[in-house]
Amino acid sequence: MTVQTTVVGSYPIPDWLRAYPTKPHQHDATLVVVRTQELAGIDVVSDGELSRFDVSHPETNGMIDYFVRQMDGVQTRLGLADLQRFAADKQMSYRAAPAGIVVGPIGPGVLNLPAAARPLRALAQARTKFTVTSPYMLTKVLVDRHYCDQQALCMAIAEVLREQVVAVEADVIQVDEANLTGHPEDGAWAAAAINRVLEGVRGERAVHLCFGNYGGQTVQQGAYTHLLPTMNALQADHLVLEFARRGYEELPVLRDLDPRIGVGLGVIDIKDNGVESADEIARRIEAADRVLGPGRVRYIHPDCGFWMLQRSIADAKLRALGQGRDRFLGKG
């Protein structure tokens, strides 16, 4: 099995789209992002998550607000009591305010992920990836006045997402989770909700686990050894894991990862403007092969999304990703 290249999802937003956010400009920006990936030799490309671009929520590139604000049962007008309640949750100290207040049963509302994914399928020549934020992560950024039970709220969100991804046309659908890494004690019920989403996926199922990339900062403190039971419980075809920033000392933990689950190896540090060399990336793959065994690494990719980097830096890192894989395979 060869090693394939992919991205985690987001890409830097072209300046003209930020300055003049029209539908035609959004289409053009998506085309640029897709072609940039394909020209760099990326095997599985994304739309840069530009389908959820909104100038009013740039901090997380739409990873949170795009989903919850379109769902039924979520109110986005925040009162003082709601803000105080959210501020009391020390686990969410990196956010100033919740994404919304749950005031009724969660429903799809006007969320339409199949439509959001459609332009990528039309523009791409390579295999495609579409990303969806984990129900666990969405649960943690909401103040719940209705269910009064995090697990029930999480499963309600998961059900909405499952119904949406059933109709998404993409080769890979990836569930993104950057909060659970710091709270492995929630692993059992978080994995159950993520698996509910994955049940609706018709193509390849991926789960991205990272330790946060909020404003270019690591948010969660934790270790993969504490997450191993959760990872083994996931009904995923492969995981998309952060390593370049953290270092590769934790690789031996993955020897105990269920062999049915492929390893996606982060080889690009997205919190550093330095551009990795092709040789450096090839060495990282070779080292993982020595630790985990040949063929265990199925994908290489950046640690997380590229959205907060300058385009010139992201473009260069993307080219290095393709060149490094080719160097590892003896093609470059």
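Trainee: Which residue of β11 is the bridge partner of Q4?

Mentor: In β11, Q4 has Y299 as its bridge partner. The model is predicted: local features need pLDDT of at least 70, side-chain atom pairs count only at pLDDT 80 or more, and totals for chains, interfaces and linings use all residues. Residues are numbered from 1 along each chain as its sequence is written, and side-chain values use heavy atoms, leaving out hydrogens and water.

Trainee: What makes β1 and β11 a pair of strands?

Mentor: A strand is a DSSP run of E with at least two residues, and a helix is a run of H or I with at least four, both numbered from the N terminus. Strands pair if DSSP finds at least two bridges between them. Two bridges join β1 (residues 4–5) to β11, so these parallel strands pair.

Trainee: Why is the crossover from β10 to β11 called right-handed?

Mentor: Five bridges join β10 (residues 262–268) to β11, in parallel. The chain passes from β10 through α10 to β11 in a right-handed crossover. The term means that, with the strands pointing away from the viewer, the path from the first strand over the helix to the second runs clockwise.

Trainee: Why is β11 described as largely enclosed?

Mentor: Buried means under 20% relative accessible area (1.4 Å probe, protein chains only). Five of the six residues of β11 (297–302) are buried, so the rest of the structure largely encloses this strand.

Trainee: How do you know that D289 has no salt bridge?

Mentor: D289, in helix α10 (residues 278–292), is buried. A salt bridge needs a side-chain nitrogen of Lys or Arg within 4 Å of a carboxyl oxygen of Asp or Glu. The nearest side chain of opposite charge, R290, is 8.6 Å away, so D289 has no salt bridge.

Terms used
Buried < 20%, exposed > 50% of the residue type's maximum accessible area, 1.4 Å probe, protein only. Lys, Arg positive; Asp, Glu negative; His and termini not counted.
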